[in-house]
Amino acid sequence: MRFDHETLPQRVRFASGEAAAHVAAEVAALRGRRVMVIAGRSARTVAREIAAGLPVAHWHDRDGDVVMHVPVPVAERARAAAAEHDVDVVVAVGGGSTTGLAKAVALTSGIPVVAVPTTYAGSEATAVWGLTEDGRKTTGTDPRVLPRAVVYDAALTLHLPVALSVVSGLNALAHCVDSLWAPRTDPINQALAAEAVRALRTGLPSIVKEPEGLEGREQTLFGAYLSAAAFASSGSGLHHKICHVLGGMFDLPHAQTHAVVLPHVLAFNAPHAPEAERRLASALGAPTATAGLALLYDELDAPRALRGLGMPEDGIDAAADAVVAAAPPGNPRAVTRPAITGLLRAAWEGVRP
Ligand code: NAD
């Protein structure tokens, strides 16, 4: 066995009901005296509770302060506010959009971030930033944007509606699947991904059955972290390249797009990736990975069609061209235009692979 693996430097604190105490400890460890709290509308109340005892210099939580995919003017406003208030620590309470805005501040200022996730997007565990300008999303990797600490508290996800929890959890599952064949996949990523699949396979159906139960939320949050840690080191595989193209071209919702596309990429690659197939089937507890995923989607009543998300049918050809141009090196199967057109059409129609 030979491989190179990079583990990112970050503290993870995981305990339901302990967010306020853990955030306070992390801010103190960073010697924070002028904290900026970033929160979107859905997390505003909980952020005010968590941060009540902190030395807050600026609350960045008005309507419009957090916007999905971090448009550049939204990032510029947050950066200006951080400078104006002489901020020394950013605390981000919310989903991937909120973490993304905190990363945008860190990218240009180096101000450390403490992330308190309220979805299963996993951005908190990666050093990847993203910004959008004129409908184009740019991403990059920079160690400055990796949150110094992540405070997980499953109680904060209890208000995430079931349908959003499902697609957000499937976004996490997509990190696991893609990390098995992404350009920098290695045995550590693969081990993390397999355990993440087990946690998500247990957690997501529990959330559907009992949305107010903490156990399913904890399993899903744990799986989300493991999946993002795997993905952070493996890089983007074919699935993420496809979703990136679709999200950018048609302004589709992030987690829903990942949820719809995942079964199609799995069916496309799995027959050509026997080791990934074996790991996924085992973690999903099914004879094959594709069958295991299909069963999970039925249990979760997951969304199936890109047309249901607003993608126009006449966009399939242009999207296929863009995916082929962005295909990651080393994908287990050749990424040809006819094959990708077929994959996208099936995902658009919602055909079961
Ligand atoms: P999001 O942060 O926009 O949240 C989705 C929706 O859920 C929003 O309407 C939000 O208000 C609501 N919400 C969040 N937490 C809630 C809660 N606890 N209760 C009720 N409602 C709640 O979306 P997301 O899917 O978490 O993140 C998507 C964004 O993150 C995208 O921009 C994506 O590109 C980025 N992302 C980045 C990385 C990375 O590594 N850089 C990884 C994953 C996602």
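**Close-up views of the predicted model**

**View 1. Surroundings of L8.** Not counting residues up to four places away in sequence, L8 touches A125, T126, A127, L146 and A232, where a contact means heavy atoms within 4.5 Å. The structure is a predicted model, in which local features need pLDDT of at least 70 and side-chain atom pairs count only at pLDDT 80 or more, while totals for chains, interfaces and linings use all residues. Residues are numbered from 1 along each chain as its sequence is written, and side-chain values use heavy atoms, with hydrogens and water left out. L8 is found in the segment before β1, with helices (H or I, at least four residues) and strands (E, at least two) taken as DSSP runs numbered from the N terminus. With a relative accessible area of 29%, L8 is partly exposed, a class that falls between buried (under 20% relative accessible area) and exposed (over 50%), using a 1.4 Å probe and protein chains only. The C-alpha atoms of L8 and W129 are separated by 15 Å, and these two residues are 121 residues apart along the chain.

View 2. About 180 Å³ of space lies in the second largest pocket, and H5, E6, T7, L8, Q10, A125, I188, L192, Y225, A229, A232 and S233 line it. The elements that give two or more residues to this lining are α6 (187-209) and α7, and the largest share, 4 residues, comes from α7. On a 1 Å grid over the protein atoms alone, a pocket is an open set of points with protein on both sides within 12 Å along at least five of seven lines, a cavity is a set of points where a 1.4 Å probe fits but cannot get out, and lining residues have an atom within 4 Å of a point. Grid points are joined across faces, edges and corners, and a volume is the space filled by probe spheres set on the points. By class, the lining of the second largest pocket has 7 nonpolar, 4 polar and 1 charged residues, with Ala, Val, Leu, Ile, Met, Phe, Trp, Tyr, Cys and Pro counted as nonpolar, Asp, Glu, Lys and Arg as charged, and the others, Gly among them, as polar.

View 3. A search of the whole structure finds 1 cavity of 30 Å³ or more, and the largest cavity has a volume of about 40 Å³. The residues that line the largest cavity are V260, P263, H264, Y297, P303, R304, V351, R352 and P353. Helix α9 (residues 254-269) contributes the largest share of this lining, 3 residues. The lining of the largest cavity divides into 6 nonpolar, 1 polar and 2 charged residues.

View 4. Six strands form an open sheet in the order β1-β8-β5-β4-β2-β3, with parallel pairing, two strands being paired if DSSP finds at least two bridges between them. The edge strands are β1 (11-14) and β3, each of which pairs on one side only. Neighbouring strands of this sheet are turned by 15° against each other on average, direction ignored. Helix α3 lies across β2 and β3 and runs at about 165° to β3. Helix α7 (residues 214-234) packs on the sheet, where it touches β1 and β8 (149-152), and its direction makes about 170° with that of β1. For these angles, axes are lines fitted to C-alpha atoms, for helices over the stretch in contact, and the values run from 0 to 180 degrees between N-to-C directions.

**View 5. Strand β4 and its partners.** Because 6 of the 6 residues of β4 are buried, this strand is largely enclosed by the rest of the structure. From β4, V89, V91 and V93 point one way and V90, A92 and G94 the other way, and all are buried. Strand β2 (residues 35-39) pairs with strand β4 (residues 89-94) in the parallel sense over 5 bridges; V35 stands opposite V89 in β4, and M36 has V90 as its bridge partner there. β4 also pairs with strand β5 (residues 113-117) in the parallel sense over 5 bridges, and in β5 the bridge partner of G94 is P117.

View 6. D61 is found in the loop between β3 (56-60) and α3 (72-84) and is buried, with a relative accessible area of 4%. Residues up to four places away in sequence aside, D61 touches A39, R44 and R48. R77 has its place in helix α3 and, at 41% relative accessibility, counts as partly exposed. Leaving aside its neighbours within four places in sequence, R77 is in contact with H60 and G64. The C-alpha atoms of R77 and H60, which are 17 residues apart along the chain, are separated by 9.7 Å.
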